Each structure stands twice: as structure tokens, then as C-alpha cells.
Amino acid sequence: MVRNRIALATGHRKMLRMVYRTGVLLCLVMALTMTGVFASVPAEEAAPPVEQPQKMSLEEQWGVKIESLRISAAGNLVDFRYRIIDPEKASYLVDRRNKAFMIDQASGRVLSVPSTAKVGPLRQTVRYGLPKEDRVYFILFGNPHVLKSGDKVTVVIGDFRAENIVIE
């Protein structure tokens, strides 16, 4: 009888911790949305497109392969994942000095990478050296319910541009 009460209390505590953590994450995302961290920037203020002298694939020019682009966090984030094929070429993409943003091709709205006080930008970067070959890196873009599955976007990181990517 006592064992059942202890097991019930332990299971109850685990469930409460899980509910609390989920609620904290949801409150954080909602607070960021309401404070304008996920605010979009008009397309005119975004960096101008960089013309490439010749059409090369992303793998040849930048040393990366796009793995996925998905809606995440109940529609509040867009999760962009890419695999490093050539670390020397791809080092430009994981440099924190190169700002990342996403352009909705239908409306022209620009979505930025949210930055929190304790975590910083929701983007994976490399501080020293080169990125690891064959490793998948991520960038989370704020999405105040602008984009949905099937929309086409352009991902921009400094001079890097990946156009006509369809959200899964």
C-alpha cells in the first residue's frame, strides 16, 4: 500500500515537472512573440540580393546540403537544418557575424532569428575553427504564424542565398 502511494506520488511529480516545463516553454514563445522578438522586417530593409556570377549548386559553392525546413513550436518557429559537406566553404554559414533571415516569397515579409537573454540567438554557430563535416546544423526563425507548410521561402545568411525552398 505504501509502495503504491510512493509510486503514485513519484509519477505525479514527474508529470507535474513535464507540464511545468512545457508551460514555461510555451510562455517563453508567447512572450517573445508579443514583445516583437519575432517581428518581421519589411523586405526593403533586408540585405539586397547578391548576384552570383554563375549558377552553382549549394553543395559546390557553399559546401552544404539542405536537410529540412519545417514548421515547429506550434507554428511559432521555422526549423531550418543543413548538413556540412565541405567545412572550409561552409564556415561562412556558421559564423555568428553573418546575420540570418528568411524571406517569404509570397508576401515579401522577412523573418529573423529570435534572440533570448540567456540562450542568445536560436542558431547554431562555431566559435573557433571549422564546422564538423557531415554534421547537421540548425537555425530557428521566428514565425508569428506567417508561414505554413507548402510555402516557398528564401533563406539568407550574409551572402548565402537558398531560394525556392518549400516548407515541409
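Trainee: How many aromatic pairs does the structure hold?
Mentor: A pair of aromatic rings is described by the distance of the centres and the angle of the planes. Counted over this predicted model, the aromatic pairs number 4.

Trainee: Is the pair of W62 and Y92 stacked, edge-to-face or tilted?
Mentor: The ring centres of W62 and Y92 are 5.4 Å apart, and the planes make an angle of 35 degrees. Planes under 30 degrees apart would count as stacked and planes over 60 as edge-to-face, so the pair of W62 and Y92 is tilted.

Trainee: How many residues apart in sequence are the parts that the pair of W62 and Y92 ties together?
Mentor: W62 belongs to helix α2, residues 58-62, whereas Y92 sits in the loop between α3 (87-90) and β3 (100-104). The pair therefore ties together parts whose separation in sequence is 30 residues.

Trainee: Is W62 buried or exposed?
Mentor: The relative accessibility of W62 is 11%, and the cut-off for a buried residue is under 20%. Y92, its partner in the tilted pair, is partly exposed at 24%, whereas W62 counts as buried.

Trainee: Which kind of pair do W62 and F160 form?
Mentor: The centres of the two rings, W62 and F160, are 5.6 Å apart, with 85 degrees between their planes. Because an angle over 60 degrees is the criterion, the pair of W62 and F160 is edge-to-face.

Trainee: Where is A74, whose phi is positive?
Mentor: Most residues other than glycine have a negative phi, and most peptide bonds are trans. A74 has a phi near 55 degrees and counts as exposed at 66% relative accessibility. Its place is in the loop between β1 (64-72) and β2 (77-84).

Trainee: What is the phi of D134?
Mentor: D134 is found in the loop between β6 (120-121) and β7 (136-142). Although D134 is not a glycine, its phi is positive, at about 65 degrees.

Terms used: Residues numbered from 1 in each chain as written. Predicted model: local features only at pLDDT ≥ 70, side-chain atom pairs only at ≥ 80, totals over all residues. Heavy atoms only, no water. Helix = DSSP H or I, 4+ residues; strand = E, 2+ residues; numbered from the N terminus. Buried < 20%, exposed > 50% of the residue type's maximum accessible area, 1.4 Å probe, protein only. Phe/Tyr/Trp six-rings, centres within 6.5 Å; stacked < 30°, edge-to-face > 60°.
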